[in-house]
Amino acid sequence: MPAQPKPDGGNRAAITVCVILATLMQALDTTIANVALPYIQGSVSATQDEIAWVLTSYLVAAAIMTPPTGFLSSRFGLKRVFLVSVAGFTVASMLCGMAQSLVQIVLFRILQGSFGAALVPLSQTVLLNINPKERQGSAMALWGVAVMAGPVLGPVLGGWLTEAYTWRYVFYINLPIGILAFLGMTMFLKEAPPNAAVKLDWFGFGSLSLAIGAAQVLLDRGEELDWFGSGEIVMEAIVAGSALYLFLVHTFTAAEPFVKPALFRDRNFTAGTLFVAIVGLTYYASLALQPPYLSNLMNYPIVTAGLVLGPRGLGTMGAMMVVGKLVGRIDTRILLGTGLGLTAWSFYAMTGWTPDVSQTTIIVVGLIQGVGLGFLFVPLSAVTLSTLPPAQRTEGAGLYNLSRNIGSSVGISVVNSLLTQNTQINHAEIAQHVTAVNRAFEDPMIAQFWNPVGAAGRAALDAVVTLQAKIIAYIDDYKLLMIATLAVIPLLIVFKKPSGGGGADHAGGMEL
């Protein structure tokens with residue numbers, strides 16, 4: 001990437017503020033929409049598994065558009081790409097807020113994810129380019145605070161905006177932030193000359209994008225269309241499989257492929273890429289499950305739900321600050337094992353939850369889960385990228401984030417599909433025992449409200465059975481997330497220590 005001219009102190013401060021605003025805007029959107037999901041669901045008349053598309057469409061678009069960021073900034077100029085990304089993200093956010101249907105909001109979230117994908121890597125690049133070496137550490141620390149503040153502020157801010165105004169303001173909030181960042185960078189950020197000679201493997205990029213997109217649509221629509229009983233799902237599976245086959249053949253035969261196979265000869269990188277996919281799967285899936293649980297099953301007001309979910313981000317922020325100082329001093333495998341243990345314990349605790357669980361329990365378990373996540377992200381990015389040759393680290397960081405985003409979108413789709421499917425199965429099993437001859441109905445207090453003979457009694461009974469079926473379905477999802485977390489523990493023995501001892505300077509994996 002071309003070198004960025006070093007600005008003076010005043011311009012450097014202004015650029016830093018604008019870059020941090022852009023980072024904060026993108027980081028906020030990882031969690032701010034989650035708490036408003038039940039309200040968006042009602043507004044656009046979506047089912048439980050359909051509303052998950054609001055999250056997965058954003059993640060998939062971001063996953064696809066992250067790897068080409070380096071090419072785009074080299075080919076067209078870093079400032080130009082950054083400004084287009086900020087403007088596009090801001091406009092797409094406004095369109096999300098104005099959406100009137102599920103199709104519209106999903107399409108606009110795809111746009112938002114496509115433009116937002118470049119914000120984090122370009123923010124890091126700008127801060128490193130405008131600061132001399134002795135100031136780069138403090139600049140990246142400020143950037144890290146913005147990245148970590150997003151998941152903390154997201155649920156609280158999203159809950160307050162939804163309660164005080166409507167869910168649409170969780171997207172409108174990006175307008176003033178985006179305008180400030182755009183104007184500031186237009187005025188203060190200098191453009192480095194573009195490099196017209198840089199090339200991108202368009203066939204590799206296109207085939208991988210098609211494979212990811214088709215597979216995600218298959219996962220999102222499968223439950224609704226009865227999986228492979230539907231011609232559409234079969235066609236999407238064929239497209240995904242064919243595109244993946246073409247991508248793999250091209251990767252191993254092209255002179256300059258989009259993804260270089262040599263990267264995966266490094267066992268730390270290969271294990272870390274798989275590891276972060278599972279971490280993304282469990283983290284984002286739990287973020288998608290919690291707001292509907294609090295709002296629909298426990299009848300929490302939206303502000304209360306946001307406040308209850310906020311401490312999870314505080315736990316992550318605190319743990320990241322501590323672990324950042326421990327990386328390089330303590331064996332990374334111990335830090336990762338601690339993070340996995342805390343995360344698995346939090347999911348185990350959730351398997352015992354019912355709608356009667358106390359706020360204190362939810363906050364404590366969420367806080368511990370956040371701490372576990374903090375113990376995972378920082379050392380994982382360091383150990384994954386530190387053993388790669390310096391020339392391959394940028395490409396490695398792009399694939400690392402691609403893997404995390406794919407894992408996240410797949411996790412959300414799977415847990416929501418299972419939630420819908422298991423709710424129906426559990427409802428059928430419980431309903432077998434709800435008959436007119438059940439002796440429990442001889443109790444006048446029960447028969448008064450749940451008399452299966454009358455229409456009102458049957459409706460009340462169905463509501464109770466559905467509630468219990470959904471509680472069990474949530475427990476099943478939390479069990480799955482716990483098992484997935486424990487399943488990656490054997491990967492810890494694969495990691496080796498970097499020979500140079502460095503690697504803690506890679507912030508690429510800190511994006512949440």
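**Cavities, a surface patch and salt bridges**

The largest cavity in this structure holds about 100 Å³ of space. Keep in mind that this is a predicted model.

Now the helices. α9 (133-164), α14 (267-297) and α15 (302-326) each give at least two residues to the lining of the largest cavity.

Next, the surface. Look for Phe203, Tyr245, Leu246 and Val249. Together they form a nonpolar patch with about 400 Å² of accessible area. Which helix supplies the largest share of the patch? Helix α13, residues 231-253, with three residues. Take Leu246, which lies in helix α13. Is Leu246 buried, partly exposed or exposed? Its relative accessible area is 42%, so Leu246 is partly exposed.

Last topic: salt bridges. How many are there? The count is three.

Begin with Glu232 and Arg221. Their side chains meet in a salt bridge, at 2.9 Å from N to O. This pair links distant parts of the chain, with Glu232 in helix α13 and Arg221 in helix α12 (residues 202-222), 11 residues apart. Glu232 has 31% relative accessibility, so it counts as partly exposed. Arg221 comes out at 23%, and therefore counts as partly exposed too.

Then there is Lys260 with Glu256. The closest N and O atoms of this salt bridge are 3.9 Å apart. That is within the 4 Å cut-off, so the pair counts. Lys260 is partly exposed, because its relative accessible area is 29%. And Glu256? At 57% relative accessibility, Glu256 counts as exposed, because the cut-off is over 50%.

Finally, find Arg333 and Asp331. In their salt bridge, the closest N and O atoms are 2.9 Å apart. Arg333 is at 31% relative accessibility, so it is partly exposed. Why is Asp331 partly exposed rather than buried? Its relative accessible area is 21%, and buried means under 20%.

Note on methods:
Residues numbered from 1 in each chain as written. Predicted model: local features only at pLDDT ≥ 70, side-chain atom pairs only at ≥ 80, totals over all residues. Heavy atoms only, no water. 1 Å grid on protein atoms, 1.4 Å probe; cavity = no way out; pocket = protein on both sides within 12 Å on 5 of 7 lines; lining within 4 Å. Points joined across faces, edges and corners; volume = space filled by probe spheres on them. Helix = DSSP H or I, 4+ residues; strand = E, 2+ residues; numbered from the N terminus. Patch = residues over 30% accessible without salt bridge, like charges linked within 9 Å, V, L, I, M, F, W, Y side chains within 5 Å. Areas by Shrake-Rupley, 256 points an atom, 1.4 Å probe, with all protein chains shown as cover. Buried < 20%, exposed > 50% of the residue type's maximum accessible area, 1.4 Å probe, protein only.
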